Amino acid sequence: ARSLHAKYPALDSPANLPILLSDYHALINRQYQGDYDAVVLLADLRKAIEMAQLTGRQRQALRLVYEEDLTQEEAGKRMGIAQNSVSEAVDRALEAIAEVYFYWSHHREGYAINGGL
């Protein structure tokens, strides 16, 4: 099983994913400093996003909110949609990504629900 920081709870819950996503920039920096856990977290996150088969709107909303650090209102303006539509896109994306982590945890692919990652 993968050994990751206790800071990140089990990622099979949409409620827990924002903790990881809010640290996206810090994880990028840590990976370049040789932090293997950051490399693993980012690689798994990228794979989970890929496997979640997000819509273009969901991907764009995640990118704007978590990678570009825009508020949902700012992201909505950039996307030409209302803030509540951005919120819905992010929520649906988090649900889909969490389902991938849930699948991994139940198929012994490195994750355990009750013990974190």
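Is Tyr-101 buried or exposed? Tyr-101 is buried, with a relative accessible area of 2%. Here buried means under 20% relative accessible area, exposed means over 50%, and partly exposed lies in between (1.4 Å probe, protein chains only).

This is a predicted model, in which local features need pLDDT of at least 70 and side-chain atom pairs count only at pLDDT 80 or more, while totals for chains, interfaces and linings use all residues. Residues are numbered from 1 along each chain as its sequence is written, and side-chain values use heavy atoms, with hydrogens and water left out.

**The chain.** The protein chain has 6 helices and 0 strands. Helices (H or I, at least four residues) and strands (E, at least two) are DSSP runs, numbered from the N terminus. Buried residues make up 46% of the 117 residues.

**The core.** The largest nonpolar core has 36 residues. Such a core is a set of buried Ala, Val, Leu, Ile, Met, Phe, Trp, Tyr and Cys residues joined through side-chain atoms within 4.5 Å. Tyr-101 is among the residues with the most contacts inside this core, and so are Val-86 and Ile-97. Each helix in the table supplies at least two core residues.

| Helix | Residues |
|---|---|
| H1 | 17-21 |
| H2 | 24-32 |
| H3 | 36-51 |
| H4 | 56-67 |
| H5 | 72-79 |
| H6 | 83-106 |

H6 gives the most to this core, with 11 residues. Val-86 touches Ala-61, Val-65, Gln-72, Ala-75, Gly-76, Met-79 and Ile-81, leaving aside residues up to four places away in sequence. Contact means heavy atoms within 4.5 Å.

**H3 against H6.** These helices pack at an angle of about 110°, with their axes 8 Å apart. Axes are lines fitted to C-alpha atoms, for helices over the stretch in contact, and angles run from 0 to 180 degrees between N-to-C directions. H3 and H6 are therefore roughly perpendicular to each other (65 to 115 degrees). On the H3 side, Asp-44, Leu-45, Lys-47, Ala-48, Ile-49 and Met-51 take part; they meet Ile-97, Val-100, Tyr-101 and Trp-104 in H6.

**The ring pair.** The structure holds 1 aromatic pair. The ring centres of Tyr-101 and Trp-104 are 5.1 Å apart and the planes stand at 80°, so the pair is edge-to-face. Rings of Phe, Tyr and Trp (its six-membered ring) pair if their centres lie within 6.5 Å, and planes over 60 degrees apart count as edge-to-face. Tyr-101 and Trp-104 are 3 residues apart in helix H6, so about one helical turn separates them. Trp-104 also counts as buried, at 6% relative accessibility.

Methods: Parallel < 35°, antiparallel > 145°, perpendicular 65-115°, else oblique. Phe/Tyr/Trp six-rings, centres within 6.5 Å; stacked < 30°, edge-to-face > 60°.
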